[in-house]
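Keep the sequence and the 3D view side by side.

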Amino acid sequence: MSLETVSTAKSFGGYQGVYRHASRETRTAMTFSVFLPPQAAAPGARLPVVWYLSGLTCTHANVTEKGQFQRACAELGMIFVAPDTSPRGEGVPDDPDGAYDFGLGAGFYVDATEAPWAANYRMERYIVSELPEVIAANFPADLGRQGLTGHSMGGHGALTLALKNPGRWKSVSAFAPIASPMRCPWGEKALGGYLGPDRAAWRRHDATALIEDGARVAELLIDQGEADSFLAGQLKPELLEAACRDAGIPLTLRRQPGYDHSYYFIASFLEDHLRWHAERLGA
């Protein structure tokens with residue numbers, strides 16, 4: 001399983017790296033980042049992992065450069081993995097109108113079934129199956145102790161992938177997630193484009209619908225900025241809140257006054273999330 005090192009930099013006693021590999025799922029080169037805390041250098045180390053799924057328009061670089069997570073991960077002894085949000089490269093289809101909310105940078109963590117997207121847009125299998133194999137083969141990761149988080153579209157991905165793969169991730173959180181993509185413009189465009197017009201098929205890619213249909217996780221932590229311009233029209237956390245209440249899923253939904261949708265918001269609370277994951281992963 002060949003892995004190319006793009007860059008490494010020492011940070012808080014550990015190393016922040018960026019890597020590239022040829023993906024069997026997306027049929028493209030895929031780039032991701034990994035922070036290895038100093039504990040990774042110990043002989044025989046096997047460390048817990050937190051996965052971070054990014055939002056619309058982002059790559060691995062956004063959280064790597066703006067998330068300010070390295071100090072906390074170094075203290076806690078946790079590996080931090082940040083994949084890309086979609087396949088990229090020559091020949092990979094993009095939104096024909098150049099819109100930011102579909103195509104490149106907007107994979108929505110689903111496996112597309114519609115042409116021309118189906119050939120490359122296989123982000124669900126990439127995150128659930130292929131990239132964990134790459135991480136296990138190249139880094140001292142304990143895949144029995146994994147946490148999952150994400151922002152916006154990536155929050156949607158974190159919630160849905162955890163709900164569909166019970167037990168895979170021991171802890172799940174999100175920042176301003178798209179709580180019900182079936183019921184917002186971003187999600188209707190993406191799910192309709194990647195999966196076709198049958199809305200019944202969209203339900204397994206909608207966290208609120210998955211919970212309504214019986215999927216469960218042990219508990220959830222979500223932070224949502226009250227000054228987020230996408231809150232009412234796109235994110236709709238109240239739908240997820242109602243579904244969790246009806247299903248008996250413990251949800252901590254922290255509405256943060258004054259915070260928007262940006263990485264200033266994420267960086268303000270990412271350490272809180274990492275410590276929450278660490279408690280549940282035995283870090």
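In what follows, Ala, Val, Leu, Ile, Met, Phe, Trp, Tyr, Cys and Pro count as nonpolar, Asp, Glu, Lys and Arg as charged, and the others, Gly among them, as polar. This is a predicted model, in which local features need pLDDT of at least 70, side-chain atom pairs count only at pLDDT 80 or more, and totals for chains, interfaces and linings use all residues. Residues are numbered from 1 along each chain as its sequence is written, and side-chain values use heavy atoms, with hydrogens and water left out.

Start with the whole chain. It holds ten helices and nine strands. These are DSSP runs, numbered from the N terminus: helices are H or I with at least four residues, strands are E with at least two. The radius of gyration is 18 Å, close to the 19 Å that the globule rule gives for 283 residues, so the chain is as compact as a globular protein of that length. That radius is taken over C-alpha atoms, and the rule is 2.2 Å times the number of residues to the power 0.38. Along its principal axes, the C-alpha trace spans about 50 × 45 × 35 Å. Of the 283 residues, 59% count as buried. Buried means under 20% relative accessible area, exposed over 50%, and partly exposed in between, with a 1.4 Å probe and protein chains only. Among contacts (heavy atoms within 4.5 Å) with a separation of 6 or more, 72% join residues 24 or more positions apart.

Now go inside. A nonpolar core is a set of buried Ala, Val, Leu, Ile, Met, Phe, Trp, Tyr and Cys residues joined through side-chain atoms within 4.5 Å. The largest one has 88 residues, and those touching the most other members include Phe32, Phe80 and Leu274. Helix H10 (residues 263-281) gives the most to this core, with eight residues. Look at Phe80. Leaving out residues up to four places away in sequence, its contacts include Val34, Val50, Phe69, Leu270 and Leu274.

A pocket is an open set with protein on both sides within 12 Å along at least five of seven lines, and lining residues have an atom within 4 Å of a point. Grid points are joined across faces, edges and corners, and a volume is the space filled by probe spheres set on the points.

The search finds one cavity of 30 Å³ or more. Helix H4 (153-164) and helix H7 (207-212) each give two or more residues to its lining. H4 gives the most, with three. The lining has nine nonpolar, no polar and no charged residues.

The largest pocket has a volume of about 170 Å³. Its lining includes Thr57, Cys58, His151, Trp186 and His261. Five lining residues are nonpolar, seven polar and none charged.

Finish with the backbone. Most residues other than glycine have a negative phi, and most peptide bonds are trans. Thr57 has a positive phi of about 75°. Thr57 sits in the loop between strand E4 (47-53) and helix H1 (60-66), and is partly exposed at 48% relative accessible area. Phe12 has a positive phi near 50°. A cis peptide bond joins Ala115 and Pro116, with omega about 0°.

How values were computed
1 Å grid on protein atoms, 1.4 Å probe; cavity = no way out; pocket = protein on both sides within 12 Å on 5 of 7 lines; lining within 4 Å.
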